[in-house]
Amino acid sequence: MKEVPAIGGLHLSNGNGVTNGVNGEATDGPVTNGINGYGNGATSLVASKNQPFKCGCGMAENASDTNNNQGHEKCTFHHDLELDHKPSTREDLLPLMSKSYRMLLSSLGEDPERQGLLKTPERAAKAMLFFTKGYDQSLEEALNGAVFDEDHDEMVVVKDIEMFSMCEHHLVPFYGKVSIGYLPCKKILGLSKLARIVEIFSRRLQVQERLTKQIAVAVTQAVQPAGVAVIIEGVHMCMVMRGVQKINSKTVTSTMLGVFRDDPKTREEFLTLCNNK
């Protein structure tokens, strides 16, 4: 396999080997794009095991340190996305995504060269990466060890957590509020971590039904409680600004696990707490 100079700590390789962008191992066959292993015959992006990652601003970053932004004050990508510093794989997507948005503007009959649209493709690409940043975040990172042993077995409820997501059917936003309750079994979760769990799964292409269950399952995985309840009330722009155009409609979904599903009194207590203003 022939290698060409590295860009931002990533190696570009070509030839007949498959390179997996996760573990950097090569096998025979068509090359992949180095992001999630699906090939299209293009040059692959491979993270070097022996070199630190670099972002577009040229600053080296220890791959294991995701909370250090020092030295990246002028890094436009990380400033715009308001993310902790990450390896540059997502930044490498910007040129292709910008080109796609440019083609979209042309298809709509617009002139991408006019002043108001010159930087729109890049802005739109950065915005889409921000809207879908949850794909780069894991439950373990969000919890950050904030699971505590505590002899508490009464209900914990955090309600009205703001949520923004993207409808996977139309690529337009839906937004609303999330209420989460759980019944601890000797372990409690840092309260802000419930909001972070919402952020992980909402910042993806979603449907509200799946989002509701993913949040409940994540809380279950985090603290193994006796039960978890999640309610989401959302407004879907695909119903407001297109289609049936019902501006006052709201969608409510719920997931009840454990005692919240099995015990009507526990479920009623949670619903009462959620409805109290």
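Predicted model: local features only at pLDDT ≥ 70, side-chain atom pairs only at ≥ 80, totals over all residues.

Tutor: Residues are numbered from 1 along each chain as its sequence is written, and side-chain values use heavy atoms, with hydrogens and water left out.

Student: How many residues of strand β13 are buried?

Tutor: Buried means under 20% relative accessible area, with a 1.4 Å probe and protein chains only. Strands are DSSP runs of E, at least two residues long, and helices are runs of H or I, at least four, numbered from the N terminus. In β13 (residues 227-236), nine of the ten residues are buried.

Student: Which strand does β10 pair with?

Tutor: Two strands pair if DSSP finds at least two bridges between them. Strand β10 (residues 173-183) runs antiparallel to β13, with ten bridges; G176 has G234 of β13 as its bridge partner. β13 also pairs with β14 (residues 251-258), antiparallel over eight bridges, and there E233 stands opposite V252.

Student: At what angle do helices α5 and α6 pack?

Tutor: Axes are lines fitted to C-alpha atoms over the stretch in contact, and angles run from 0 to 180 degrees between N-to-C directions. Helix α5 (residues 191-202) and helix α6 (residues 208-223) pack at about 135°, with axes 10 Å apart. That makes α5 oblique to α6, since angles under 35 degrees count as roughly parallel, over 145 as roughly antiparallel, 65 to 115 as roughly perpendicular and the rest as oblique.

Student: Which residues of α5 meet α6?

Tutor: Contact means heavy atoms within 4.5 Å. L194, I197, V198, F201 and S202 in α5 meet L211, Q214, I215, A218 and V219 in α6.

How values were computed. Buried < 20%, exposed > 50% of the residue type's maximum accessible area, 1.4 Å probe, protein only.
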